[in-house]
Amino acid sequence: MAAKIAFIGGGNMAASLIGGLLQAGHPRARISVAEPSAERAAWLRRSFELQVADSAAPACAGAELVVLAVKPQQMREALAGLRLEAGCVVVSIAAGIQLASLARWLGENVHLVRSMPNTPALLGAGISGLYADATVPVAARDLASYVLGAAGTCVWLESEAQIDAVTAVSGSGPAYFFLVTEAMREAGVKLGLSPDVAGQLALQTFIGAAKMAEDGIARSIDIAQLRANVMSRGGTTEAAVRHLEIAGLRTIFDAALQAAADRGRELGASLAKET
Ligand SMILES: NC(=O)C1=CN([C@@H]2O[C@H](COP(=O)(O)OP(=O)(O)OC[C@H]3O[C@@H](n4cnc5c(N)ncnc54)[C@H](O)[C@@H]3O)[C@@H](O)[C@H]2O)C=CC1
Ligand SMILES: O=C(O)[C@@H]1CCC=N1
């Protein structure tokens, strides 16, 4: 029989992962959700025809895998007094929260996995980094890969600290892409295009370029080479790219991703103090 999977928190990321599981054919009767907001619970029932409880304990009864999908600041309260079945696999997708904190809050008899997915999971196009320590058995890792894998690609990491780096690159990454698309659209409007046309040009360019990059990587063509192929000597692209480099685009990304990783660590450290 398919594994029983429970979600604590039925917000945006949980809905993306649930959508992936249902798409992959996981039976809806084997998924339950804990969601205290009555409005959100009604939406989940309507959208997915799932069992939704208003707290964690009833949703997690009999669960073989529990996804912790509340905001980091909500986690301690969401798990208060919760006792899961021995051997249950617990996958936290919360930014920052450390395995040591989860072990303290949940007890030692569960298999803990940290993961960082991203919102393209909604379309099955997500990517997740996962980490578990050496005590977690292969079967538990496989179950975690099954749940996150239904929403896209899974990458297992070598250290827990790398989760903060994954958060900075791909967890938060969709927002950087949307921001750059907004900036390109605004710049196109300043050059005389309508907002609709500028938006369409910017977005389709990114979609096309992403497909080229995917194809290029499969054929061992480096992404820097693809860029060089667009840059005619003395041409328009060279003028724009030179400007981006001089303006410090790489330094800006470096500092931005560092800020995201630092924030993840900060969140984890402050919540680790909660008993
Ligand atoms: N949104 C994103 O792009 C990503 C978010 N994450 C992580 O996923 C987690 C959830 O984020 P979102 O889905 O964006 O947040 P969200 O705010 O959409 O969802 C959180 C849900 O938890 C519910 N909740 C609050 N207290 C609860 C409790 N005591 N028991 C059960 N449910 C409770 C809320 O009502 C809400 O529906 C966060 O920890 C975040 O760090 C990870 C990767 C990407
Ligand atoms: O912004 C956040 O904290 C979450 C984690 C990664 C994406 N959203």
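Of the contacts in this protein between residues at least 6 apart in sequence, 64% join residues at least 24 apart. Keep in mind that this is a predicted model. The protein has 12 helices and eight strands, and its C-alpha atoms fill a box of roughly 65 × 35 × 35 Å along the principal axes. Buried residues account for 32% of the 275 residues.

**The N-terminal part**

UniProt, in an unreviewed entry, puts the feature "domain: Pyrroline-5-carboxylate reductase catalytic N-terminal" at residues 4-96. In the model that span is 39% helix and 20% strand, and its end C-alpha atoms sit 26 Å apart.

The unreviewed entry also lists a "binding site" made up of Ile8, Gly9, Gly10, Gly11, Asn12, Met13, Ala69, Val70, Lys71 and Pro72. Those residues are spread over 65 residues of sequence, yet they cluster in space, with a largest C-alpha distance of 14.0 Å.

Let's pick out three of these positions. Glycine 11 sits in the loop between β1 (5-8) and α1, and it counts as partly exposed because it has 16 C-beta neighbours inside 10 Å. Asparagine 12 belongs to helix α1 (residues 12-23). It has 12 C-beta neighbours inside 10 Å, so asparagine 12 counts as exposed. Lysine 71 is in the loop between β4 (65-68) and α4, and with 13 other C-beta atoms within 10 Å, lysine 71 comes out as partly exposed.

**The two ligands**

What surrounds ligand 1? Its shell holds 28 residues, and the closest are Gly9, Gly11, Met13, Ala78 and Ala94. The elements giving two or more residues to this shell are α1 and α4, and α4 gives the most, with four residues. By class, the shell around ligand 1 has 15 nonpolar, nine polar and four charged residues.

As for ligand 2, the residues around it are Ala95, Thr167, Gly171 and Ser172. Sorted by class, that makes one nonpolar, three polar and no charged residues.

| Helix | Residues | Number of residues | C-alpha span | Expected span |
|---|---|---|---|---|
| α6 | 138-149 | 12 residues | 15 Å | 16 Å |
| α12 | 249-272 | 24 residues | 34 Å | 34 Å |

In both cases the span is close to what 1.5 Å a residue would give.

Which residues of α6 are buried? They are Ala140, Leu143, Ala144, Val147 and Leu148. Looking down the axis of α6, these buried residues fall within an arc of 130°, so they line one face of the helix. The face turned away from that buried side carries the exposed residues Val138, Ala139 and Asp142.

In α12, the buried residues are Ala261, Gly264, Leu267 and Gly268. What do the buried residues of α12 pack against? Their partners are α4 (72-79) and α7 (162-171). Helix α4 has come up already, as the element that gives the most to the shell around ligand 1.

Definitions and conventions: Residues are numbered from 1 along each chain as its sequence is written. Chains are lettered from A and ligands numbered from 1 in the order in which they are written. This is a predicted model: local features need pLDDT of at least 70, side-chain atom pairs count only at pLDDT 80 or more; totals for chains, interfaces and linings use all residues. The expected span of a helix is 1.5 Å times one less than its number of residues. A residue is buried if 20 or more other C-beta atoms lie within 10 Å of its own, exposed if 12 or fewer, and partly exposed in between; C-beta atoms are placed from the backbone. Two residues are in contact if their C-beta atoms, placed from the backbone, lie within 7 Å. A residue is near a molecule or strand if its C-beta atom, placed from the backbone, lies within 6 Å of it. Ala, Val, Leu, Ile, Met, Phe, Trp, Tyr, Cys and Pro count as nonpolar, Asp, Glu, Lys and Arg as charged, and the others, Gly among them, as polar. The arc is that of the directions from the helix axis to the C-beta atoms. UniProt positions are given in the numbering used here, feature names are shortened, and annotations may be inferred rather than shown by experiment.
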